[in-house]
Amino acid sequence: MLLIMEPSFYPNLQETLDSLSIDQVPGARIARLQLLIEAINSQITQNRPVRLNFICTHNSRRSMFGQCWAQAIAAHMGIEVDTYSGGSESTAFFPAAAAALQAGGFQVTKIQEGTNPVYAVKYAPDSQPLVCFSKTFDHFFNPTSGMIAVMVCLDADQNCPYIPAAAHRISLPYEDPKVSDDRPDQVAVYAERSLQIATELTYVFSHIKSGN
């Protein structure tokens with residue numbers, strides 16, 4: 001795997017990345033994260049591209065967090081990966097999730113309106129934007145083989161036991177921030193889940209070998 005040059009991040013995102021502490025990752029989560037570390041390192045050892053597809057039921061919240069944070073954190077650490085997201089069904093990128101990424105420092109721009117709007121998400125002025133919209137995990141935007149499927153919700157994990165395109169399938173569930181929708185603490189809950197995922201992915205990428 002080639003190391004890539006770290007881009008110049010948006011200042012607010014750089015501040016967020018600098019604030020993440022892997023010491024805060026609970027021991028109970030580390031065993032799950034270790035499986036993802038081993039899957040990524042296996043791809044690197046075999047000189048295969050690392051393609052991460054974050055999957056939840058609706059591809060609206062947690063999987064979007066996973067896709068965007070993984071791409072930014074890997075770039076921050078100079079590791080070459082491609083990230084994707086999908087669901088067992090498509091709905092829409094939930095506005096509160098997009099707002100949480102924006103609050104974390106990403107530039108989030110809606111580029112297409114509709115019931116399933118399309119967003120461009122960037123972590124640096126010169127970065128290629130992630131094109132984010134709700135889609136199924138087997139949508140043509142996503143890899144057709146050799147990917148690492150990261151199941152970020154229990155429902156998708158239980159109802160999608162087999163992902164045909166996956167070289168590795170990792171169960172890494174998170175509590176759905178949807179539980180806070182329309183509550184006074186909605187913004188805080190979405191921010192907490194976004195940063196939890198960012199922190200755990202920082203732990204993962206801090207344990208990835210560089211390759212040759």
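Me: How many aromatic pairs does a search of the whole structure find, and what makes two rings a pair?
Reply: The search finds 6 aromatic pairs, where rings of Phe, Tyr and Trp (its six-membered ring) pair if their centres lie within 6.5 Å, and planes under 30 degrees apart count as stacked, over 60 as edge-to-face and the rest as tilted. This is a predicted model, in which local features need pLDDT of at least 70 and side-chain atom pairs count only at pLDDT 80 or more, while totals for chains, interfaces and linings use all residues. Residues are numbered from 1 along each chain as its sequence is written, and side-chain values use heavy atoms, with hydrogens and water left out.

Me: Why is the pair of Phe 9 and Tyr 123 called tilted?
Reply: Their ring centres are 5.4 Å apart and their planes stand at 35°, so the pair is tilted.

Me: What makes the pair of Phe 133 and Phe 141 edge-to-face?
Reply: The centres are 5.0 Å apart and the angle between the planes is 80°, which is over the 60 degrees required. Together with Phe 140, these two residues form one aromatic cluster.

Me: Why does Phe 133 count as buried, and why does Phe 141 count as partly exposed?
Reply: Buried means under 20% relative accessible area, exposed over 50%, and partly exposed in between (1.4 Å probe, protein chains only). Phe 133 has 11% relative accessibility and therefore counts as buried, whereas Phe 141, at 37%, counts as partly exposed.
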